[in-house]
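Subject: Structure handover

Hi,

Here is the structure you asked for. My notes on it follow below.

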Amino acid sequence: MSEIKRLDAESEALIRQREFAQKAKKLLAGRYDHPPLAYVHTFGCQQNVSDGEKIKGMLAEIGYGSADSPETADLVIYNTCAVRENAEDRVFGNVGALKPVKQKRRGMIIGLCGCMVQQQNIAEKIKQSYPYVDLVFGTHALYTLPELLYHRLSGQKRQFSTGDSPGEIVEGLPLRRDGEIKANLPVMYGCNNFCTYCIVPYVRGRERSRHPEDVLAEARQLVQMGYREITLLGQNVNSYGHTLEEQIDFSDLLREINHIDGDFILRFMTSHPKDCTHKLIDTIAACDKVCNHIHLPVQSGSNRVLDLMNRHYTVEEYLELISYARRTIPDVTFSSDIIVGFPGETREDFEQTVELVKKVGYTTLYTFIYSPRTGTKAALMDDPIPEAEKSRWLRELLDVQSAIREEQQGHFVGRTLRVLADGTGRSGEGWLSGRTVSNDIVEFQGPPDAIGRFVEVKIERALNWALFGK
Ligand code: 5AD
Ligand code: SF4
């Protein structure tokens, strides 16, 4: 329990990092003939986006401004994702493209961090085959960026910090948030579930919850700053509190944040169905700021495959949850993740997934072809179905979902919906874009000063990707 280390701004470790930040700042002062610029690009999930905001915060403290592209940057950092192979391929492609850029730009520094480089085989590959990469640091070493950067700027050898660790909780890092309307708020880190296909528990360490006071303080600050939408993040928010000494679960936390005064809405992700309780569903129903939309990844509609995936629930249990939520939360909607082509999945298994998708009627489905990850159990399982066949199944599933979506969208025409306006629309002059509390995209005509506010939109037309109104 309490063996999880919590570092805060006053801890020795972070004071040391701030000292390195100041030393790095001094070194940078004479290094270029212009103020130093950094380009940070994040791949992958919201948790990574949140880490990216911390990287940008630390770099701002060191004195970096932000560059619009790698070509104009003195420091490029790719914050990587390891969840599927194509995410890794993209990173290697991007890093390859930096080689000629670095040759032209004197003193340029390249850093790779995040989940992908936490895997020792990948860190080794970078060491051997990408000699122009200067900094490589895994998820556990994120907060040591000032130190690594200082060492490299002062002429030391390439810096690698990718050691394994059960993980700490680091509070009080400087932050540069990406948006002014919506904010991510991590409530926990890591994962203990070891779904057999998933690399996350290996690269993000053991599950650990932030203290509720830390989460609440950050939530209050976000509301004070005028943020209108807060998304609570964790690989499995439903196991929030397990590592804390106090008796608190995710529902309790949600209620406390809901009590904060202000005009904002609350979302959360991701909810593992095995830990999603009736209490949580009752809490969503009772809390006025919590959106009536649940991201509840099912992964497969076949009990046989769910068992192979180590998911710890059955299709029947999952559907019971959906049905309880429908009875309890008015107008509730669901989204899900699905993996197509898990090792050993048969056509019959896949058809059961299609059945389930039709039964639930998700508003959004995030679909992935299974990608073997070195070190996971599934990577050792027999996988006889050819990729081309898996791709056909995926297209089939997408077609089913597309038809479901079209029908759902039609039902909104004529209704008036509450929308958080979050930017300019894609439909041209005078159009704004926003999201409903169910997370549906709405394009509507309205004044630019509506951006950042909740507005009522009368829906007049529906396409597959968005609703349109005034
Ligand atoms: N292959 C394909 N999809 C995966 N996901 C996680 N690991 C893999 C993998 N090895 C998907 C799951 C998860 C989402 C974030 O990514 O559906 O919910
Ligand atoms: Fe991966 Fe499963 Fe943990 Fe989600 S719950 S991060 S899919 S191991």
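First, the ground rules. This is a predicted model, in which local features need pLDDT of at least 70 and side-chain atom pairs count only at pLDDT 80 or more, while totals for chains, interfaces and linings use all residues. Residues are numbered from 1 along each chain as its sequence is written, chains are lettered from A and ligands numbered from 1 in the order in which they are written, and side-chain values use heavy atoms, with hydrogens and water left out.

**Domains**

Domain 1 and domain 3 do touch: 7 residues of domain 1 are in contact with 5 residues of domain 3. Contact means heavy atoms within 4.5 Å.

**Sheets**

Helices (H or I, at least four residues) and strands (E, at least two) are DSSP runs, numbered from the N terminus. Two strands pair if DSSP finds at least two bridges between them.

One open sheet has 6 strands, in the order S3-S2-S4-S5-S6-S7, with parallel pairing. Strand S3 (65–66) and strand S7 (159–161) are the edges; each has a single partner strand, so one side of each is left without a neighbour in the sheet. Strand S6 (residues 135–137) runs parallel to S7, and 3 bridges join them. Val-136 has Phe-160 in S7 as its bridge partner. Helix H5 (residues 145–153) packs on this sheet. H5 touches strand S4 (75–80), strand S5 (109–114), S6 and S7, and its direction makes about 160° with that of S6. Axes are lines fitted to C-alpha atoms, for helices over the stretch in contact, and angles run from 0 to 180 degrees between N-to-C directions.

Another open sheet has 3 strands, in the order S9-S12-S13, again with parallel pairing. Its edges are strand S9 (182–186) and strand S13 (265–269); each has a single partner strand, so one side of each is left without a neighbour in the sheet. From one strand to the next, the twist averages 25°. S9 pairs with strand S12 (residues 229–233) in the parallel sense over 5 bridges. Ala-183 has Ile-230 in S12 as its bridge partner. Helix H2 (residues 46–62) packs on the sheet, touching S9, S12 and S13, at about 100° to S9. Helix H7 (residues 212–224) lies across S9 and S12 and runs at about 175° to S9.

Leu-420 stands opposite Phe-454 in S20. S20 also runs antiparallel to strand S21 (residues 467–469), with 3 bridges. A hairpin through 4 residues joins S20 to S21.

**Cavities and a pocket**

The search uses a 1 Å grid over the protein atoms alone. A cavity is a set of points where a 1.4 Å probe fits but cannot get out; a pocket is an open set with protein on both sides within 12 Å along at least five of seven lines; lining residues have an atom within 4 Å of a point. Grid points are joined across faces, edges and corners, and a volume is the space filled by probe spheres set on the points.

There are 2 cavities of 30 Å³ or more. Domain 1 and domain 2 both give residues to the lining of the largest cavity, so it lies between them.

The second largest cavity holds about 60 Å³. Helix H1 (12–29) and H2 each give two or more residues to its lining. H1 gives the most, with 3 residues.

The second largest pocket holds about 650 Å³. It is lined by 32 residues; closest to its centre are Asn-292, Asp-331, Thr-333, Phe-412 and Ser-438.

Best wishes

Notes. Domains from an automatic or database assignment.
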